[in-house]
Amino acid sequence: MVANSALSCVFCQIARSSTSTTLLYNDERVVAFRDINPSTFRHYLVVPVEHIPTVKDLKRRTEDHLLVSHMLNVGQTLLQRDAPGPWIHRFGFHQPPMNSVNHLHLHCLALPFIPRWKRLKYLSLGSLGGFIEADKLLEKIKPST
């Protein structure tokens, strides 16, 4: 079933270069590109090449922690390059049921939100889901030592 989901997944298609989407970054683990409906001055998405549906599919294990750390590092590097200076950077993930695409993706945002009401999409709703900051997700999936 995952194979069928991955075949129809738009982010999997982008990761396989099966679309005309311009990649800002790519390696064997992740790709990065501009959000088609930006909420901020710069709004990028970093997605794993492997089809991972949502943050709920990540576990407290080294491989998942390393993947999310790599995604964050890529996003930080891109925003430092493209939105330096006074822009405030924010990084995080939508959690079910608030995610729009069932493929793990890191939102890399250079604030402020444009228009301001778009910030509502990026609020944490605690146990109800909403948006989780990348550093909080990394803490949550940090492997036990």
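**Entry 1: salt bridges**

I looked up E63 and found that E63 forms a salt bridge with R61, with the closest N and O atoms 3.8 Å apart (a salt bridge being a side-chain nitrogen of Lys or Arg within 4 Å of a carboxyl oxygen of Asp or Glu). The model is predicted: local features need pLDDT of at least 70, side-chain atom pairs count only at pLDDT 80 or more, and totals for chains, interfaces and linings use all residues. Residues are numbered from 1 along each chain as its sequence is written, and side-chain values use heavy atoms, with hydrogens and water left out.

I then noted that D64 also forms a salt bridge with R61, the closest N and O atoms being 2.9 Å apart. Salt bridges with shared partners join R61, E63 and D64 into one network. Across the whole structure my search gave 4 salt bridges; one of them pairs D82 with R81 at 2.6 Å, N to O.

**Entry 2: accessibility in the network**

I checked which members are buried (under 20% relative accessible area, with exposed over 50% and partly exposed in between, for a 1.4 Å probe and protein chains only). E63 counts as exposed because its relative accessibility is 55%. R61, at 35%, counts as partly exposed. D64 is buried, with a relative accessible area of 5%.

**Entry 3: T54**

I located T54 in the loop between β3 (40-48) and α3 (62-82) (helices, H or I of at least four residues, and strands, E of at least two, are DSSP runs numbered from the N terminus). T54 counts as buried because its relative accessibility is 10%. The side chain of T54 reaches the backbone nitrogen of K56 at 3.1 Å. Leaving out residues up to four places away in sequence, T54 touches P96, N99, N102 and L104 (contact means heavy atoms within 4.5 Å).

I turned to the largest pocket, with a volume of about 350 Å³ (a pocket is an open set of points on a 1 Å grid over the protein atoms alone, where a 1.4 Å probe fits, with protein on both sides within 12 Å along at least five of seven lines; lining residues have an atom within 4 Å of a point). Of its 19 lining residues, D35, I36, L45, S100 and V101 are the closest to the centre. α2 (10-15), β2 (30-34) and β3 each supply at least two residues of that lining, and α2 gives the most, with 3.

The second largest pocket has a volume of about 210 Å³. I found E63 and D64 again here: among its 13 lining residues, the closest to the centre are E50, I52, E63, D64 and L67. α3 gives the most to this lining, with 3 residues.

Definitions and conventions: A polar contact is a pair of N or O atoms within 3.5 Å; within protein, one must be able to donate a hydrogen and the other to accept it, and residues adjacent in sequence count only if both atoms are side-chain atoms. Grid points are joined across faces, edges and corners, and a volume is the space filled by probe spheres set on the points.
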